Amino acid sequence: MSEPRIEENASYKKESGCVLCTGLTGTSISGLFDTRFGIDGTFEVRRCVRCGMEQLSPIPAPAELKNLYEHYYNFCGERGTVYTSLREWFFSSFFYRAWIRLDGDISFHSRTGSGRLLDIGCNEGRTLKNYARNGFRAEGTELNETAAAAARAAGFTVFTGALDDFAPAVPYDVAVLSNVLEHSLDPKAMLRSARRLLKADGELWISCPNSQSWLRPVFGRWWIHWHVPFHITHYSEDTLRNLLEESGFRRIEIRQITPALWAASSIVARFFARKGRPTRQLRNPFLIFPLVLLCRALLFPVFYWGNRTDRGDCLVAIATNTDA
Ligand SMILES: [Zn+2]
């Protein structure tokens with residue numbers, strides 16, 4: 001089988017240098033396509049020979065990326081469906097709190113406290129409710145105006161606009177980047193901004209997929225976290241730690257989790273994703289919920305092994321801003 005060609009498209013730039021260190025990159029995996037929304041195009045992921053960071057190629061230009069988010073992310077017209085209603089109910093329920101104790105907490109929903117918390121990329125504010133319930137004075141930032149409006153309607157303060165332009169009167173105790181950093185075209189700048197918004201000794205809570213996950217070789221091109229063209233960078237525990245240290249964070253603790261939902265999503269993508277077609281099965285609660293439970297029940301020894309050998313599906317890090 002011949003290798004699919006990277007399509008030449010004016011709104012994508014074929015990046016040859018590493019987005020972090022400008023080092024040379026070589027192909028890690030090619031022939032990737034969008035397994036979620038059915039967006040056109042063939043992509044690859046390249047690895048920097050200098051710092052080991054992996055990144056998407058070609059990378060969408062900022063205007064194209066904005067366009068893609070507005071069309072495919074957050075609302076895309078999906079409100080009040082069975083899936084969104086069940087999700088809304090589940091995240092505020094006792095079952096969810098019990099579930100994350102068992103399955104792992106990738107979004108910091110079980111951490112309690114009382115300080116000011118900023119959720120960077122807060123979407124429609126679903127997670128802000130969890131942070132507020134846990135005692136934090138939670139606020140958010142969100143680029144998508146429609147999503148931000150929904151979060152404001154739920155009573156939260158949300159800043160829309162570039163993170164660099166956000167200048168709060170009082171710095172935050174906690175900044176959260178829950179599955180956000182890998183979406184950034186400039187992760188260094190994002191972490192610099194996060195540090196600027198934190199008080200001295202403030203904490204950054206960060207989670208993202210683990211590029212060393214055991215599910216990656218198992219599912220190959222169908223691994224759910226390639227998520228082209230939205231996931232720009234892919235982190236291992238080492239590359240994430242290095243980036244956090246370079247950005248001025250200290251006392252970095254990284255844990256690994258393998259959420260059953262993520263494993264189930266890779267399985268669904270493997271069986272149902274077709275190039276150029278949205279994978280509706282990923283949003284079918286009658287398929288996803290039983291599969292999640294099945295994964296949890298049958299695969300827990302593998303999940304445990306993966307998490308203990310640095311091959312979990314998700315990296316969960318806490319880092320401290322030590323600057324006074
Ligand atoms: Zn590099």
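**Ground rules**

I am reading a predicted model, in which local features need pLDDT of at least 70 and side-chain atom pairs count only at pLDDT 80 or more, while totals for chains, interfaces and linings use all residues. Residues are numbered from 1 along each chain as its sequence is written, and side-chain values use heavy atoms, with hydrogens and water left out.

**Entry: the sheet**

I began with the strands and helices, which are DSSP runs numbered from the N terminus (helices H or I, at least four residues; strands E, at least two). I took two strands as paired if DSSP finds at least two bridges between them. I found an open sheet of seven strands with mixed pairing. Its order is β8-β7-β6-β9-β10-β13-β12.

Next I looked at β9 (residues 172-178) and β10 (residues 198-209). They pair in the parallel sense over six bridges. I noted that S178 has S207 in β10 as its bridge partner.

Then I checked what packs on the sheet. Helix α4 (residues 126-133) does, and it touches β6 (116-120), β7 (137-141), β8 and β9. Touching is contact, meaning heavy atoms within 4.5 Å. The direction of α4 makes about 160° with that of β7. For such angles, axes are lines fitted to C-alpha atoms, for helices over the stretch in contact, and the angles run from 0 to 180 degrees between N-to-C directions.

**Entry: salt bridges**

How many salt bridges does a search of the whole structure find? It finds 11. Each is a side-chain nitrogen of Lys or Arg within 4 Å of a carboxyl oxygen of Asp or Glu. I also sorted residues by relative accessible area: buried is under 20%, exposed over 50%, partly exposed in between (1.4 Å probe, protein chains only).

I looked up K199 and D173. Their closest N and O atoms are 2.4 Å apart. K199 sits in strand β10 and D173 in strand β9, 26 residues apart. K199 is partly exposed, at 37%.

I moved on to K188 and E246, which meet at 3.7 Å, N to O. This pair links helix α6 (residues 187-197) to helix α8 (residues 237-246), across 58 residues. K188 is partly exposed at 25%, and E246 is exposed at 57%.

My last pair was D201 and R251, with closest N and O atoms 3.6 Å apart. D201 lies in strand β10 and R251 in strand β12, 50 residues apart. D201 is partly exposed at 48%; R251 is exposed at 52%.

**Entry: zinc**

Which residues coordinate the zinc ion? They are C18, C21, C48 and C51, each through SG, at 2.2 to 2.4 Å. Donors are N, O and S atoms within 2.8 Å of the metal (3.2 Å for Na, K and Ca); water is not among the atoms, so sites may look incomplete. The donor spacing in sequence is C-x2-C-x26-C-x2-C. C21 lies in the loop between β1 (12-13) and β2 (25-32) and C48 in strand β3 (residues 43-48), so the pair ties together parts 27 residues apart in sequence. I checked burial: C21 is buried at 19%, and C48 is buried at 0%.

**Entry: T279**

I found T279 in the loop between α9 (260-272) and α10 (285-308). Is T279 buried or exposed? It counts as buried, at 4% relative accessibility. Leaving aside neighbours within four places in sequence, T279 contacts T35, R36, V268, F272 and A273.
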